[in-house]
Amino acid sequence: MNDGALLFLQTMLAKLKEAAKGESRIAIIFNGSPLSNGDCGSGESEIRRWILENDWLDAIVMLPDQLFYNTGIFTYVWLLRNDKPAAHRGRVMLIDARQQFEKEPKSFGNKRNRITDVHRAWIETRYRDGWQPDYHDEQLKIFRCQDFAYHKVSVVFWQFDENDQPAILTEPYEKAFTAANLRKEQEFYDSELIFRVRVATPSPGGGKGAASEGEALRVLTLTPRDNATQKFKALLADKAEVVAVEWTHHHYVRDDEYIPHGEDIAAFLDREIAKPIIRWQDSPQLGYEILPNKYFYRYEPPKPAKELLAEFWRLEKEAEKMLEGLAQ
C-alpha cells in the first residue's frame with residue numbers, strides 16, 4: 001500500500017452515520033493516483049473495490065489543471081454518500097469539467113486558472129440533471145459500479161518465428177542447474193527440453209577436491225513424462241562439476257492481460273493475442289480502477305504532412321531572418 005490518500009478516505013468512510021440515523025456525504029479532492037494506482041489485489045485496488053461494492057461512490061468531477069499555488073496537476077473531486085436515491089444506486093457519474101475555468105489576471109506560483117460561480121453552476125447543473133434518462137452531454141458519463149472492475153489474467157502462449165512456426169530457442173541456462181529447477185521447467189514448458197551440460201571430469205582415482213582431467217559435454221533430454229530427479233542424478237552420478245549449461249526449449253511468452261469484468265476471458269485472449277494459448281489463469285480477486293481520461297478521450301487526427309512541411313519552411317525562413325539580423 002503506497003497511497004496514503006485512500007487510507008485517509010477509508011478513515012472518513014468509517015465515520016459515516018448509519019443510513020437509518022441520517023445521511024452522510026463526503027467531498028474530497030485527490031490527484032490522479034487514487035483512481036488507478038496499485039495492481040489487482042493491491043491495497044489501493046482493494047479499497048476501491050470496497051468503496052464501489054458498497055456503492056458509496058456517487059460521482060467524480062474532473063477539474064482543470066493549474067488551480068493550486070504549489071502544483072499544476074489535474075485534480076478530481078470525489079463525491080461519496082451512503083444515502084443514494086434510487087436513480088443513483090449502483091451507478092457512478094463522471095463529469096469532465098477540465099475546460100471550466102478562466103485565466104487568472106496574474107499567476108500565483110503554479111496557479112494560473114480559477115473556477116468562478118459560472119463554472120460551479122455548470123458542474124452543479126450536470127450533477128443535478130445528469131441522472132435523468134433523457135439527459136445527454138458529451139462532458140458527462142454514467143457507469144455501473146462493476147464497469148470499473150477487471151480480471152488480471154496470467155497467460156502463456158507460443159512465440160512464432162519468421163516462418164509462422166512455433167519458435168525454438170537455444171540459450172544459456174542462467175538458473176542453478178538442480179533437480180528442483182528441472183522439475184519446474186518440465187512443468188511449465190510441458191514439452192521436450194534439451195540440456196547440454198559442460199562438466200569438468202575428475203581425474204581417475206581422484207577424490208574430492210582432486211584436479212580435473214578435462215571437460216566433457218553431456219546431453220540430458222527431458223520429456224513431460226520423464227522423472228526429472230532420476231535423470232539429473234544419472235547425468236551427474238560421478239559428481240562431476242557443472243561448468244556451464246545451455247538449453248533448447250519452445251519459446252513461450254508469459255504475460256498479464258487486463259480484461260474488463262463481464263468479458264468472456266477465453267474469447268478475449270483468442271481475439272487479442274491471436275496465437276495458440278498454452279494456459280491461462282485468472283486472479284482470485286477482481287481489480288478495480290477508474291480511468292476518466294480514457295472514458296473522455298477524443299481522437300484528434302494529426303496534421304497532414306503538407307501542412308507540417310509548410311510550417312517547417314515558414315519557421316526556417318523566420319530563423320534565416322533572425323540570423324541575418326545578428327550578422328548585421
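Biologist: In which sense do strand β2 and strand β4 pair, and over how many bridges?

Modeller: Strand β2 (residues 57-62) and strand β4 (residues 91-96) run in the parallel sense and share four bridges. One of the contacts joins Ala-59 to its bridge partner in β4, Met-93. The model is predicted, so local features are given only at pLDDT of at least 70 and side-chain atom pairs only at pLDDT 80 or more, whereas totals for chains, interfaces and linings use all residues. Residues are numbered from 1 along each chain as its sequence is written, and side-chain values use heavy atoms, with hydrogens and water left out.

Biologist: What makes a stretch of residues a strand or a helix here?

Modeller: Both are DSSP runs numbered from the N terminus: helices are runs of H or I with at least four residues, and strands are runs of E with at least two.

Biologist: What is the strand order of the open sheet, and which are its edge strands?

Modeller: The sheet has five strands in the order β1-β3-β2-β4-β7, and the pairing is mixed. Strands β1 (25-30) and β7 (140-144) are the edges, each pairing on one side only. On average, neighbouring strands of this sheet are turned by 15° against each other, direction ignored.

Biologist: How do you know that helix α4 packs on the sheet, and what angle does its direction make with that of β4?

Modeller: Helix α4 (residues 117-129) touches β2, β3 (76-81), β4 and β7. Contact means heavy atoms within 4.5 Å. The direction of α4 makes about 155° with that of β4; axes are lines fitted to C-alpha atoms, for helices over the stretch in contact, with angles from 0 to 180 degrees between N-to-C directions.

Biologist: Why is Leu-57 called buried?

Modeller: Buried means under 20% relative accessible area, exposed means over 50%, and partly exposed lies in between (1.4 Å probe, protein chains only). Leu-57, in strand β2, has a relative accessible area of 1% and therefore counts as buried. Leaving aside neighbours within four places in sequence, the contacts of Leu-57 include Trp-78, Leu-80, Val-92 and Ile-290.

Biologist: What makes Asp-83 and Arg-25 a salt bridge?

Modeller: A salt bridge requires a side-chain nitrogen of Lys or Arg within 4 Å of a carboxyl oxygen of Asp or Glu. The N to O distance between the side chains of Asp-83 and Arg-25 is 3.7 Å, so the pair qualifies. Asp-83 lies in the loop between β3 and β4 and Arg-25 in strand β1, 58 residues apart, which links distant parts of the chain. Arg-25 counts as exposed, at 53% relative accessibility. Both residues belong to a network of salt bridges that also links Glu-23, Asp-58 and Arg-81.

Biologist: How many salt bridges does the structure hold, and which residue pairs with Arg-114?

Modeller: The structure holds 27 salt bridges. Arg-114 pairs with Glu-104, the closest N and O atoms being 3.7 Å apart. Arg-114 is partly exposed at 32%, whereas Glu-104, at 14%, is buried.

Biologist: How do you know what separates Glu-311 and Arg-314 along helix α9?

Modeller: These residues are three apart in helix α9, so about one helical turn lies between Glu-311 and Arg-314. Their closest N and O atoms are 2.6 Å apart, and they form a salt bridge. Glu-311 is partly exposed at 33%, and Arg-314 is partly exposed at 38%.

Biologist: Which residues make the nonpolar surface patch?

Modeller: Leu-309, Phe-312 and Trp-313 make a patch of about 330 Å². Patch residues have over 30% relative accessible area and no salt bridge; like charges are joined within 9 Å and nonpolar side chains (Val, Leu, Ile, Met, Phe, Trp, Tyr) within 5 Å. Accessible areas come from the Shrake-Rupley method with a 1.4 Å probe, and for residues only the protein chains shown count as cover. Leu-309, located in helix α9 (residues 305-327), has 48% relative accessibility and therefore counts as partly exposed.

Note on methods. Pairing = 2+ DSSP bridges.
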